[in-house]
Amino acid sequence: MGSGNINETTKSMKLLMRELRDLKHMKESQVFSFLKKIKAPYDMVVQTKMGRLPIVHFAAGGIMTPMDAALMMHLRCRGVFVGSETFDCEDPFQRGRRIIQAVMYYNNAHVLVECSYGIIVN
């Protein structure tokens, strides 16, 4: 995923998760028609049907703040890519460090508040 817009990235991730849920509840006969439709290998779809993507899924596009990164992790991404525009700020090292902390501790509200404090996005 990579749109340059966190709203579009979020919509794409939610759509993917919805489709994975649908796949998980498909009957075997439906899975074969789904395979033909998306032209995917059987073993990959079977792994996905068991509840997890058989690939590492990263989010990219519009991730500018620690909260954006944490949101993507909550939506079950396994990592995030940030664009160079994220670092067009007064202290790019600090911004990058905060985003890394948000990814690592996306379930800890206290850490997320600390990471996001003072962030100004133009």
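By class, the lining of the second largest pocket is made up of 11 nonpolar residues, one polar and one charged. Here Ala, Val, Leu, Ile, Met, Phe, Trp, Tyr, Cys and Pro count as nonpolar, Asp, Glu, Lys and Arg as charged, and the others, Gly among them, as polar. This is a predicted model, in which local features need pLDDT of at least 70 and side-chain atom pairs count only at pLDDT 80 or more, while totals for chains, interfaces and linings use all residues. Residues are numbered from 1 along each chain as its sequence is written, and side-chain values use heavy atoms, with hydrogens and water left out.

Let me stay with that pocket. A pocket is an open set of points on a 1 Å grid over the protein atoms alone, where a 1.4 Å probe fits, with protein on both sides within 12 Å along at least five of seven lines; its lining residues have an atom within 4 Å of a point. The volume is about 250 Å³, meaning the space filled by probe spheres set on the points, which are joined across faces, edges and corners. Of the 13 lining residues, Leu20, Phe34, Ile38, Thr48 and Leu53 lie nearest the centre of the pocket. H1, helix H2 (28-38) and helix H3 (42-49) each give at least two residues to the lining. Helices (H or I, at least four residues) and strands (E, at least two) are DSSP runs, numbered from the N terminus. The largest share of the lining, four residues, comes from H1.

Next, the cores. A nonpolar core is a set of buried Ala, Val, Leu, Ile, Met, Phe, Trp, Tyr and Cys residues joined through side-chain atoms within 4.5 Å. Buried means under 20% relative accessible area, exposed over 50%, and partly exposed in between, with a 1.4 Å probe and protein chains only. The largest such core has 16 residues, and Met13, Leu16, Ala59, Ile63, Ala69, Met72 and Val80 have the most contacts inside it. Helix H1 (6-24), helix H4 (66-74) and helix H5 (92-104) are the elements that supply two or more residues to this core. H1 gives the largest share, five residues. Apart from this core lies another, of six residues, including Leu23, Val31, Leu35 and Val45.

Now H4. Which residues of H4 are buried? They are Pro66, Asp68, Ala69, Ala70, Met72 and Met73. These pack against H1, strand S1 (58-60), strand S2 (79-81), H5 and helix H6 (109-116). Met67, also in H4, counts as partly exposed because its relative accessibility is 41%. Leaving aside neighbours within four places in sequence, Met67 is in contact (heavy atoms within 4.5 Å) with Leu112 and Ser116. Just after H4, Arg76 takes a positive phi of about 80°.

How many salt bridges does the structure hold? One. The term means a side-chain nitrogen of Lys or Arg within 4 Å of a carboxyl oxygen of Asp or Glu. Lys11 and Glu8 form this bridge, at 3.6 Å from N to O. Both residues lie in helix H1, three residues apart, about one turn of the helix. Lys11 has 54% relative accessibility, so this residue counts as exposed; Glu8, at 36%, is partly exposed.

Last, a loop residue. Lys39 lies between H2 and H3. Is Lys39 buried or exposed? Lys39 is exposed, because its relative accessible area is 75%.
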